[in-house]
Amino acid sequence: MSVNQQAHTGPPYGQPQPAYQRYQQPGYGGQQMPGVPHSQYGVYNGPMPGYQQPAPPQGPLRTPPTSGAPPPTSGALLPVGQPAYNQFGQGDVQNGIPASAVQMPSVSQPFIPGSTPTSISQLSSFQQYGPSPTGAQQLTNHMAGMTIGSVPTSAAPPAGVGYGPSTSVPPASGSFTATGSGLYTPYSSSQGPRPASMTHGLPPTSLSQGVPLAQPAFSGPPLSMQRLPSQGAPRPSTMQSPPLSGQALAGLPASQPNHLASPPPPQQAMSGPHPGPPMTGLQGPPPPSTHPSQPGYQIQQNGSFGQVRGPQPNYGGAYPGTSNYGSQPGPPPPPKRLDPDSIPSPIQVIEDDRNNRGSEPFVTGVRGQVPPLVTTNFLVKDQGNASPRYIRCTSYNIPCTSDMAKQSQVPLAAVIKPLAMLPTEETPPYLVDHGESGPIRCNRCKAYMCPFMQFIEGGRRFQCCFCSCVTEVPPHYFQHLDHTGKRVDFYDRPELSLGSYEFLATVDYCKNNKFPDPPAFIFMIDVSYNAVKSGLVRLICEELKSLLDYLPRGGNLEESAIRVGFVTYNKVLHFYNVKSSLAQPQMMVVSDVADMFVPLLDGFLVNVNESRAVITSLLDQIPEMFADTRETEMVFAPVIQAGLDALKAAECAGKLFIFHTSLPIAEAPGKLKNRDDKKLINTDKEKTLFQPQTNFYSNLAKDCVAQGCCVDLFLFPNQYLDVATLGVVTYQTGGSIYKYSYFQLETDQERFLNDLRRDVQKEVGFDAVMRVRTSTGIRATDFFGAFYMSNTTDVELAGLDCDKTITVEFKHDDKLSEDSGALLQCALLYTSSAGQRRLRIHNLSLNCCTQLADLYRNCETDTLINYLAKYAYRGVLNNPVKTVRDALINQCAQILACYRKNCASPSSAGQLILPECMKLLPVYLNCVLKSDVLQPGPEVSTDDRAYIRQLVTSMDVAETNVFFYPRLLPLTKVDVDNDALPAAIRNSEERLSKGDMYLLENGLNIFVWVGVNVQQGLIQNLFGVSSFSQISNTMSTLPILENPFSKKVRSIMDMLQAQRSRYMKLIIVKQEDKFEMLFKHFLVEDKSMSGGASYVDFLCHMHKEIRQLLS
Ligand SMILES: [Zn+2]
């Protein structure tokens, strides 16, 4: 082992940021990277009609690495290129879908005029759906019409969007990581059913008994088999129940069938089905003095379905007032309570949307169309607007004026996932190559050519849809217009007819006017005593030997262009020369961590195939070399610095994979103290727990972003390690953070390896810049996510993977018009894993409204919650947590009060009336308020809170949905002969039966709860033991048993795992066992141990807040 030092050349950090100014007017260039074929995306070359169907960026299928790799003798030299890993060879499994599975029309395949440039096969499949593209819209209107009794039903589908709180929380300079929807397919394990995250049909739950939706449970394609319920049929609202004795229709106005009242018990009753337009309403206690009695639905007090309910102490009245809300466990029980079955049910709303919207593709040709819920499985057909998989908005109808927006308090935000994976049935964005001249752009605002640009003067010029500036059409791009003013090549060009597409970037879009080199991956392994002793170091090294064959290839490359490098570290850093010509790897130690430098250039970053023997030898030797280490003091910042310097020296972007175990207390830059202090909770200093303890890491992150150095962090702590500080570089560089507390090989190995495999394999855009342009009248004002911003408009991302979302908030700067609507264009410039510079463009058009009712009719509550959670989670950095909670409650009360005042038909103030699209706002909001970040229980660690905060900030809407309101499935209702999942049930203990088993998932954990009275046979079938008492709650996987029930449950688990971007930890919970408290924490409709309100209580509280605002 030689130490080979080189002079530190003091590299200038703070390289120029890729700014948009540089992208103007592409001049020369446009050729491809030498040796980099167009891959993954189809190519569109000029006006020739024909798109190449790209290979769907599907996760590779690969068998889990086994120990079958021939481990060379430690330190022995293997011939370069020895096919040591041919069992995972490219011929068998690939990074990406096998060619045979992909339809690849030839480039010259004619494009069918008059249709959108989706693939031919896709078109044919869509044709089966029959109904016109407007079907969904009609349905939406229909639904809206039914539910908002007071809103003029003649109103067109416009919508509006209002605004966030006027007191805005100062933007944090940071952002956080999280991962994406469930559409990615990890390579390992049997997949089970198609991993679309929105697949399962839920048969009617107990709440929908009597609801005439006898729809068969839906479980994925073929969608064409599904039928919409007849649109003309009266659709019961979610709150209806079968007529029961004791129910009364208490003289309710026909237009408001579903009001629920909670006046004094004697007259309480539930509503029955009503054919008229239902309204979601709830009556709270009558306001003092006025309105002694109201017509309206009244609540049946106890179990409208004849269920026997246990006592529910402390219902209602738990709110002494806004100011105190949630800060303490509930005050004394109120005199009465609401029937939980009578208040809006998330399960029912999800079910209804699936039934109503899951059977037809969502066609994006209509402006301002609200997409199906994220929990609904649907296909998307791009006809000019970006798929909701890329962009979801809080509202699809924006108020025309700022005043109106402020009045409603509805935040206007878009949750954008620019590199989202699509299901295999959908076509990834086409790649458009305009050659040397590059993309066509507006002269003034630099917006990219898109379907909303208006060609004028016979096609010689075009008027920008964003800024109205008129730009000459370059001669090579000229085309005649047809009689409608549309270019005759409209359907031949993705950028004229589609919502999402890519441009090949010219050299003008590259740093230093030079096409980038392919990125590099550097694996940096903690070799401290803890890491070695737990078996972690050996595990990582073994895994890497095979995993390196599955680096992203950016489409159809035969082998990945990504180079790799290796570092180990404790108090010092060890670099490895793995040059292919070496007989065995060489280690170089850098002990001067205060002045980090990379001691070698040649041989540090290598091609995996060329250096395979040396790499394998190294990975064999590392666990041996440090087997006897006693070192427990670690450095951290110098590790990142080293990785950054290595990428700088290689002049490329890349990713660091850092595996780290403990608080970095060794003497070095970025050294940290243990400053954990749970006593700060509920004090004004609580926010410091979320803030980094030094700005050192923030400065380091800035340097990383400048280089395109993305940092992924795998943490294995046995105690506090200050996630809030260590995570700074990760979230500012767009990286991912994973945490395995008290890591144990036996129980955590599978989860860690699955996460690592997925993380290494997923497609990443490097050295990226995102800008969101808007049409006149609104502009992007605030951003949430894992990124860095050095100015107010450009979101800089050292890396952006397919799971990360960026949330953008908009505000008015002028009036909007109903005629022209509002437009968004998100442009992401990035370097693909193959080293190709690309621009990905997403366009979305929204409606604008002058009526508040139109705003409320076109909102998307799941997206609203995603935004509100991110807003609140950023707020805790600078405000007391209680202030943040109160602000959330206040904002939502204002949203609902504005609706009540301006949109609902006149009714007594004692009625709670919720907009149909927002009837789940209270229940979901309560889940956010009770979450570990905003209201931690005593068992939640400071690191966990920082970790969750960071994850949520990059979550997409599907992820926040299941994270805040977990999915709960009764396992004994599983139909072993059917692919469908059992119907989900509401997250409340009173819904659980002692004789049943349940599965609960929230994207991070899967619980299996076993009731004490579960049949012995089921226990035997699932756990392989003969009695309840023998079930081990330490198992991390279910035993593989050859019976239909076991197979079915395991296949459900596999399917759920495949939907999530992280491998969920399995926790077995036996009823009345000590772990049950952990499980109950996720029964989010119940009162929580940490003082969080039950759903019923919270709804009453919201009602009170709203009434105060109205009075
Ligand atoms: Zn413009």
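Q: Before we dig in, what should I know about the model and the numbering?
A: It's a predicted model, where local features need pLDDT of at least 70, side-chain atom pairs count only at pLDDT 80 or more, and totals for chains, interfaces and linings use all residues. Residues are numbered from 1 along each chain as its sequence is written, and side-chain values use heavy atoms, with hydrogens and water left out.

Q: Switching to the metal: which residues coordinate the zinc ion?
A: C442, C445, C464 and C467, each through SG, at 2.2 to 2.3 Å. Donors are N, O and S atoms within 2.8 Å of the metal (3.2 Å for Na, K and Ca), and water is not among the atoms, so sites may look incomplete.

Q: What geometry does that site have?
A: Tetrahedral, with angles of 101 to 115° among the 4 donor atoms. For four donors, that label needs all angles between 85 and 135 degrees.

Q: How are the donors spaced in sequence?
A: The pattern is C-x2-C-x18-C-x2-C. C445 sits in the loop between β8 (431-433) and β9 (454-456), while C464 is in the loop between β10 (461-463) and β11 (470-472), 19 residues apart.

Q: Is C464 buried or exposed?
A: Buried, with a relative accessible area of 3%.

Q: OK, sheets. What's the strand order in the open sheet of 4 strands?
A: β5-β7-β23-β21, with antiparallel pairing; two strands pair if DSSP finds at least two bridges between them. β5 (391-393) and β21 (778-784) are the edges, each with a single partner strand, so one side of each lacks a neighbour in the sheet.

Q: How many bridges join β5 and β7?
A: 3, in the antiparallel sense. C393 has A414 in β7 as its bridge partner.

Q: Last one: how many residues of helix α16 are buried?
A: 9 of the 9, so α16 (residues 921-929) is largely enclosed by the rest of the structure. Its buried residues pack against several elements, including α3 (346-357), α15 (881-902) and α22 (1095-1110).

Conventions:
Helix = DSSP H or I, 4+ residues; strand = E, 2+ residues; numbered from the N terminus. Buried < 20%, exposed > 50% of the residue type's maximum accessible area, 1.4 Å probe, protein only. Contact = heavy atoms within 4.5 Å. Tetrahedral: all angles 85-135°; square planar, octahedral: opposite > 155°, others 65-115°.
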